[in-house]
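Here is a short briefing on a protein with its ligands. Please read it alongside the sequence and the 3D view.

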Amino acid sequence: MKELSQRVLVTGGAGFLGSHLCERLLGAGCEVLCVDNFYTGRRDNVAHLLPNSRFELIRHDVTFPLYVEVDAIYNLACPASPIHYQYNPVQTTKTSVHGAINMLGLAKRVKARIFQASTSEVYGDPEVHPQREDYWGRVNPIGSRSCYDEGKRCAETLFFDYHRQYGLDIKVARIFNTYGPRMHPNDGRVVSNFIVQALRGHDITIYGDGSQTRSFCYVDDLIEAIVRLMAQDKDFTGPVNIGNPTEFTIRQLAETVLGLTCSSSRLIFRELPSDDPRQRKPDISLARSRLGWQPKVSLEEGLKRTVEYFSGII
Ligand code: NAD
Ligand code: UDP
């Protein structure tokens with residue numbers, strides 16, 4: 001295991017996950033350079049970090065080259081919610097692919113260890129369940145989710161080619177659905193949608209019949225795994241699944257949120273978006289054995305903390 005590096009760059013640092021990561025790295029004594037173009041991220045997410053002299057915030061789009069001197073790079077820049085990444089799909093692919101090329105080029109020049117926030121979406125709508133890292137996935141290359149799925153798959157390819165071709169020190173995590181405080185209220189992802197709808201007394205929008213499944217990881221658990229992954233020796237590149245293997249149907253999620261918020265909102269059913277995966281659940285054996293990690297926060301506990309957050313801002 002290697003100590004956390006001192007000067008770290010976090011791209012997408014003003015987003016949901018990025019802001020928690022910046023906070024965690026500052027807490028560990030790092031100097032944190034947060035880069036974001038504020039496409040889906042917000043200054044508010046990192047406003048509390050600005051007074052810290054070890055924190056710096058730069059508005060920059062990762063599809064353009066960046067010249068800075070750092071010891072480690074965490075590449076998180078990319079919209080993650082389907083409605084946001086499908087709003088400008090060409091930009092989404094550019095962010096994943098050009099962003100990866102630029103950050104890998106930077107890592108190569110300054111000899112920095114580099115982390116990639118990949119995704120369970122690389123498995124597409126999987127025929128293998130739960131998903132293990134050696135499963136190649138079932139992704140539609142021309143569908144409405146492809147800009148994100150294929151962009152992230154291409155980014156993984158680039159990471160592994162930079163590793164093989166130039167010996168770059170890479171770490172790739174495949175992140176499964178993660179939720180928690182600082183998700184944007186209009187983010188469009190299921191946990192934030194359901195909580196905001198329940199708190200406002202609006203109808204809860206279930207897409208399809210709600211029998212599709214997801215496995216939800218609380219943000220603190222995820223950040224712990226990322227930090228552990230980055231502390232591994234160079235020989236461990238991943239990809240490694242990071243997520244909570246406890247699987248729920250979307251309908252169960254809606255009912256749990258209704259119970260926790262004591263809301264009288266009704267469940268309503270809307271058309272299922274195209275290419276929406278039927279089921280998703282990580283096999284986290286590799287993270288368990290190699291990182292000594294497994295999630296600690298139950299869905300109920302994580303949802304309680306997230307409801308508390310949204311109650312305070314909406
Ligand atoms: P988010 O939308 O809150 O954060 C993404 C951040 O990237 C935002 O701050 C946004 O402004 C920034 N960004 C987007 N395009 C950019 C660009 N071209 N240049 C600079 N900054 C840019 O989403 P998140 O949930 O925090 O996701 C962070 C990363 O983790 C993403 O790469 C996402 O694909 C990955 N991920 C997240 C989840 C999840 O469930 N939260 C699951 C799998 C993968
Ligand atoms: N979903 C839903 N209602 C919503 C938002 C999402 O039923 O208001 C469903 C969506 O169709 C998918 C699941 O919840 O089956 C998770 O969606 P999300 O956008 O959070 O992430 P995904 O895992 O699909 O990337």
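**Ligand 2**

Around ligand 2 there are 18 residues, of which Thr 205, Tyr 207, Arg 214, Asp 276 and Arg 280 come nearest; a residue is near a molecule or strand if one of its heavy atoms lies within 4 Å of it. This is a predicted model, in which local features need pLDDT of at least 70, side-chain atom pairs count only at pLDDT 80 or more, and totals for chains, interfaces and linings use all residues. Residues are numbered from 1 along each chain as its sequence is written, chains are lettered from A and ligands numbered from 1 in the order in which they are written, and side-chain values use heavy atoms, with hydrogens and water left out.

- A backbone N or O atom of Thr 205 lies 2.6 Å from a nitrogen atom of ligand 2.
- The side chain of Gln 212 places an N or O atom 2.9 Å from an oxygen atom of ligand 2.
- A polar backbone atom of Val 190 is 2.8 Å from an oxygen atom of ligand 2.
- On its own, ligand 2 has 510 Å² of accessible area, and the protein covers 95% of that; accessible areas come from the Shrake-Rupley method with a 1.4 Å probe, and for residues only the protein chains shown count as cover.
- Helix 5 (190-200) and strand 8 (204-207) are the elements that give two or more residues to the shell around ligand 2; helices (H or I, at least four residues) and strands (E, at least two) are DSSP runs, numbered from the N terminus.
- The shell around ligand 2 has seven nonpolar, five polar and six charged residues; Ala, Val, Leu, Ile, Met, Phe, Trp, Tyr, Cys and Pro count as nonpolar, Asp, Glu, Lys and Arg as charged, and the others, Gly among them, as polar.

**Ligand 1**

- Ligand 1 has 30 residues around it, and Asp 36, Thr 40, Tyr 148, Lys 152 and Thr 178 come nearest.
- An N or O atom in the side chain of Thr 40 is 2.6 Å from an oxygen atom of ligand 1.
- A backbone N or O atom of Cys 78 lies 3.3 Å from an oxygen atom of ligand 1.
- In the side chain of Arg 189, an N or O atom is 2.9 Å from a nitrogen atom of ligand 1.
- The protein buries 97% of the 830 Å² that ligand 1 exposes when taken alone.
- Two or more residues of the shell around ligand 1 come from each of helix 1 (16-27), helix 3 (89-110), strand 5 (113-119) and helix 4 (146-166).
- Strand 5 gives the most to that shell, with three residues.
- The shell around ligand 1 divides into 14 nonpolar, 12 polar and four charged residues.

**Overall fold**

- The protein has nine helices and 13 strands.
- Its radius of gyration is 19 Å, close to the 20 Å that the globule rule gives for 314 residues, so the protein is as compact as a globular protein of that length; the radius is taken over C-alpha atoms, and the rule is 2.2 Å times the number of residues to the power 0.38.

**Backbone details**

- Most residues other than glycine have a negative phi, and most peptide bonds are trans.
- His 129 and Pro 130 are joined by a cis peptide bond, with omega about -10°; Pro 130 is in the loop between strand 5 and helix 4.
- A cis peptide bond also joins Gly 238 and Pro 239, with omega about 5°.
- Arg 182 is not a glycine, yet has a positive phi of about 80°.

Notes. Polar contact = N/O pair within 3.5 Å; in protein donor to acceptor, adjacent residues only side chain to side chain.
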